[in-house]
2 protein chains.
Amino acid sequence: MSLTENHPRRRGRPPKRDADDHETRDVLLRAGVVALTEKGFSATGIDEVLKSVGVPKGSFYHFFASKEAFGAELIALYADYFIRKLDQFLLDDSLTPLQRIDAFCQDAERGMARFGFRRGCLVGNLGQEMNALPNAFRAQLTDVLIDWQARTERCLEAAKSAGEIPKSTDCAGVAAFFWIGWEGAVLRAKLERRAEPLHIFAHHFRAMVTI
Amino acid sequence: MSLTENHPRRRGRPPKRDADDHETRDVLLRAGVVALTEKGFSATGIDEVLKSVGVPKGSFYHFFASKEAFGAELIALYADYFIRKLDQFLLDDSLTPLQRIDAFCQDAERGMARFGFRRGCLVGNLGQEMNALPNAFRAQLTDVLIDWQARTERCLEAAKSAGEIPKSTDCAGVAAFFWIGWEGAVLRAKLERRAEPLHIFAHHFRAMVTI
C-alpha cells in the first residue's frame, strides 16, 4: 500500500460501533508505533501493520486519510508518551537534577533491553530517513526534539542551582548536545544490539557536565 | 524490484565489452552510494538507481547477485572513501591533533552543505534501519565504525602526547563517544537541513576533551 494510492474513504464514523472503532483505531496506532520504532517509516508496510493486529486489509482508510496522516498521528502519540516518561524522571524531586538525567538514561536502557535492542527512538528513526518522508514530518520531528531539549535544559538549570554543574554552563547548548548525542547512542545500540553505546555516551556526558 | 525476486543470472563477465561493463558497474555503485546517503536502503529502489544513471532495467543482475550483495559492496565502497577522507585530516602533520579533528568536522559540514544537507552518513543511515536490513550488514557496519574510532583514538593519543588534552584521558572511550555523538549530529543536521547540530556537537566535544 503506497502513499500515493487513492482509496475511496467514508467521511466520519458510522453511527454504530463507535466504541469498537475507537478500540481498533487505538490498536492500529499502537502497532504503528512499534513498527516505526523498529524499522522506521519507509520499511513499514500498512498491510503488515494491519495483519499484525488482525485488522482486515482495506479498513485502514476508514480510520486514517493516508499513510502520511497515520505517520503524523504516530509521531504525536509517541511524543506524548515520551514526554510523560521524560517528566517522570526529570521532575522527580527525590533525586538530584543530575541523578534524574542518569535515571532517564538507565530507564531508556532497560526499555531497549526489554525488546532485545530492536526498538529505537521513533523520532530518531524518522529523522534519519527524512529525505524519503513527507516534508511535513520535518517540522513535527524537530519540534519534538526541541521540546525534549527544553525539558532537559530546565533540569540542567536546576543542577546549576543545586551546585552540581558550574555556574558558567550553557544549559541550552548542553541540552541540545545531549539530545544530538543521545539519538546517536540509541542508533548505535540498535545497530549493535547491546547497551554499551548508551553507557559510553551517558558516562562521558556526565563526566563532561560535572567538570 | 524486491530483495526476494529471483532473476536468472549469467555467471562471470561476457568475453567482450569488459571495459564498458566495468564502467557501468562503477556508475551503478556511485549512484547507489548517493541513494543510500540520502534515503537509506529500505527507501531506495533498484529500479530508480538504474533509471537515475540510464542503465536499462533488467541488467542489474548481470552486475550484482542481489540487492543485498549490492548493499554490501556499497558499504565497503563508502568505508574506503571515508577512510581516505578521515586520514586526509587526522594524519595532517601541518595541524595539531585537535585541529585535525576540527578540520574533519568542518570538512564534513562543507560536504553536507554542498548537497543542501540532504546526504548524511551511509553507515548511520543503514545503522538506523538495521532491523529492516539483511543481518550480515550488522557486523559490516559495526566494523566500519570501530575502524573510524581507532583512527580517532590514535589522533587523541597524539593530542595527549602534544599536551592538548589531559594525560588521564581515556582516548578509546572518548573516540567511541565522538562517533556515537557525531552520527547523531549528522542525523539531526539532515533532519533540520542545517549545520547547527554539527556545530553544537563539535563545539561541546572540543570543550569537553580540552578541560
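Modeller: From the N terminus on, the elements of chain A run α-α-α-α-α-α-α-α-α. That is 9 helices and 0 strands in chain A. The model is a predicted one. The C-alpha atoms of chain A fill a box of roughly 60 × 35 × 30 Å along the principal axes, and buried residues make up 41% of the 211 residues in the chain.

Colleague: What makes the two copies related as by a two-fold rotation axis?

Modeller: Chain A is superposed on chain B by a rotation of 180 degrees, with 0.0 Å of shift along the axis and an RMSD of 0.0 Å. The two copies are thus related as by a two-fold rotation axis.

Colleague: How do you know that the copies meet through the same surface?

Modeller: Of the interface residues of chain A, 100% are also interface residues in chain B, so the surface is the same on both copies. The contact takes 38 residues from chain A and 38 residues from chain B.

Colleague: Which elements give two or more residues to the side of chain A that touches chain B?

Modeller: They are α1 (18–39), α6 (122–128), α7 (136–161), α8 and α9 (196–210) of chain A. The most comes from α8(A), with 15 residues. By class, this side of chain A divides into 17 nonpolar, 12 polar and 9 charged residues.

Colleague: Why is α8(A) called roughly perpendicular to α8(B)?

Modeller: Helix α8 (residues 171–192) of chain A and helix α8 (residues 171–192) of chain B pack at an angle of about 110 degrees, with their axes 7 Å apart. The range for roughly perpendicular is 65 to 115 degrees, and that makes α8(A) roughly perpendicular to α8(B).

Colleague: Why are α5(B) and α9(B) called roughly antiparallel?

Modeller: The axes of helix α5 (residues 97–114) and helix α9 (residues 196–210) of chain B come within 10 Å and cross at roughly 175 degrees. Angles over 145 degrees count as roughly antiparallel, and α5(B) and α9(B) therefore take that label. In this contact L98(B), D102(B), C105(B), A108(B) and E109(B) of α5(B) meet L198(B), A202(B) and R206(B) of α9(B). By class there are 5 nonpolar, no polar and 3 charged residues.

Colleague: And what makes α4(B) roughly parallel to α7(B)?

Modeller: The axes of helix α4 (residues 67–90) and helix α7 (residues 136–161) of chain B come within 11 Å and cross at roughly 5 degrees. The limit for roughly parallel is under 35 degrees, and that makes α4(B) roughly parallel to α7(B). Among the residues in contact are I75(B), I83(B) and L86(B) of α4(B) and F137(B), V144(B) and W148(B) of α7(B). The contact has 12 nonpolar, 3 polar and 3 charged residues.

Colleague: Which residues have the most contacts inside the largest nonpolar core?

Modeller: They are L126(A), F201(A), L126(B) and F201(B), in a core of 116 residues. Leaving aside neighbours within four places in sequence, F201(A) is in contact with G181(A), W182(A) and A185(A), and with F177(B), I180(B) and G181(B).

Colleague: Is F117(B) buried or exposed?

Modeller: F117(B) has 22 C-beta neighbours inside 10 Å. The cut-off for buried is 20 or more, so F117(B) counts as buried. The residue is found in the loop between α5 and α6 (122–128) of chain B.

Colleague: Why does R193(A) count as partly exposed?

Modeller: R193(A) has 15 C-beta neighbours inside 10 Å. Exposed needs 12 or fewer and buried 20 or more, so R193(A) counts as partly exposed. R193(A) is found in the loop between α8 and α9 of chain A, and has a positive phi of about 50 degrees although it is not a glycine.

Colleague: What makes T210(A) exposed?

Modeller: T210(A) has 12 other C-beta atoms within 10 Å. The limit for exposed is 12 or fewer, so T210(A) is exposed. T210(A) is found in helix α9 of chain A. Leaving aside neighbours within four places in sequence, T210(A) is in contact with E164(A) and I165(A).

Methods:
Residues are numbered from 1 along each chain as its sequence is written. Chains are lettered from A and ligands numbered from 1 in the order in which they are written. This is a predicted model: local features need pLDDT of at least 70, side-chain atom pairs count only at pLDDT 80 or more; totals for chains, interfaces and linings use all residues. Axes are lines fitted to C-alpha atoms, for helices over the stretch in contact, and angles run from 0 to 180 degrees between N-to-C directions. Helices (H or I, at least four residues) and strands (E, at least two) are DSSP runs, numbered from the N terminus. Two residues are in contact if their C-beta atoms, placed from the backbone, lie within 7 Å. Ala, Val, Leu, Ile, Met, Phe, Trp, Tyr, Cys and Pro count as nonpolar, Asp, Glu, Lys and Arg as charged, and the others, Gly among them, as polar. Copies are superposed by least squares on the C-alpha atoms of residues with pLDDT of at least 70 in both. A nonpolar core is a set of buried Ala, Val, Leu, Ile, Met, Phe, Trp, Tyr and Cys residues joined through C-beta atoms within 7 Å.
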